[in-house]
Amino acid sequence: ISCLTAIFAPVIAPHDPAQINTAHMFLPPAWMDGGMKEYLLGTDNLGRDVLSRVIYGTRISLIVGIMAVVVSGAIGLFLGLIAGYYGGFIDNALMRIVDAFLAIPNILFMLVILGVLGPSLLTLIIVLGVTNWIIYARMIRGEVLSIKERDYVIASRSIGTKNLQIIFKHVLPNVFSSFIVISTLSVATTIILEASLSFLGLGVQPPTVSWGGMLSEGRNHLATSWWIATFPGIAITMTVLGIIFMGDWLRDLLD
């Protein structure tokens, strides 16, 4: 549903998400006293339609979540395959790098990088990608260490098959199902990280709509205009839960 919402946002959204209307500021949802049917979920402190902003925010969350996972997954898959198969110095070096990354809180590391480079959509995707590859590398490495000792890999090596051919024909297909499951679950985690960084002002910047930015704008009006922050919060929760359920389904399917 979130994917369809993101794709057809211009068709589904009843209003321009960036359109300011000072005459309709802080309108409550349509079912409350003072609400208008034109603004089903109410308006924010600048008179912008909350429903339209939630719909368009789906695009940013999914783009950041998917693209960041593509970056981190590609890095982690490559390093995990190389370290697990070749072992030795390469494996030891990778594990020391992993230990170094684990010693620093992930969110703190991202805050420092974004603070130095400046917040933007592209920077956010790159930062999320290059700081979340560890889980892939460790998982892939562990599976490769087991797979490379199996009979069919040893037999292939004994007849002179090149290492790259063994990796791509025998090792990669056997770890790819686990990689897909972890990637799916990581999208949910990345969406939460994007919302957290945008909430702190170091993620997606206005006028681009993001759920985290909406939460940040609505936190100062929770006592009087709860809907500004509540509905993007619900959108984040439902999207993340949906992705987690899909990841669990894929895990059972590919196990």
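This is a predicted model: local features need pLDDT of at least 70, side-chain atom pairs count only at pLDDT 80 or more; totals for chains, interfaces and linings use all residues.
Trainee: Which residues have the most contacts inside the largest nonpolar core?

Mentor: They are Val-50, Val-54, Leu-81, Ile-140, Val-144, Val-171 and Val-175, in a core of 36 residues.

Trainee: And which elements give two or more residues to this core?

Mentor: Those elements are α3 (50-86), α7 (134-147), α9 (163-199), α10 (211-218) and α11 (227-254). The largest share comes from α9, with 11 residues.

Trainee: What lies apart from that core?

Mentor: Another core, of 13 residues, lies apart from it; Met-110, Leu-124, Ile-125 and Leu-193 are among its members.

Trainee: Changing topic, how many helices and strands does the protein chain have?

Mentor: The protein chain has 11 helices and 0 strands. Along the sequence, the pattern therefore reads α-α-α-α-α-α-α-α-α-α-α.

Trainee: How much of the protein chain counts as buried?

Mentor: Of its 255 residues, 44% count as buried. The chain exposes about 13000 Å², and carbon and sulfur atoms supply 68% of that area.

Trainee: What box do the C-alpha atoms fill?

Mentor: Taken along the principal axes, the box is roughly 80 × 40 × 25 Å. Among contacts in the protein chain with a separation of 6 or more, 69% are between residues 24 or more positions apart.

Trainee: Last topic: how many positive and negative side chains are there?

Mentor: There are 14 positive and 15 negative side chains, and the centres of the two sets lie 10 Å apart.

Key:
Residues are numbered from 1 along each chain as its sequence is written. Side-chain values use heavy atoms; hydrogens and water are left out. Helices (H or I, at least four residues) and strands (E, at least two) are DSSP runs, numbered from the N terminus. Buried means under 20% relative accessible area, exposed over 50%, partly exposed in between (1.4 Å probe, protein chains only). Contact means heavy atoms within 4.5 Å. Accessible areas come from the Shrake-Rupley method with a 1.4 Å probe; for residues, only the protein chains shown count as cover. Lys and Arg count as positive and Asp and Glu as negative; His and the chain ends are not counted. The place of a charge is taken as NZ of Lys, CZ of Arg, CG of Asp or CD of Glu. A nonpolar core is a set of buried Ala, Val, Leu, Ile, Met, Phe, Trp, Tyr and Cys residues joined through side-chain atoms within 4.5 Å.
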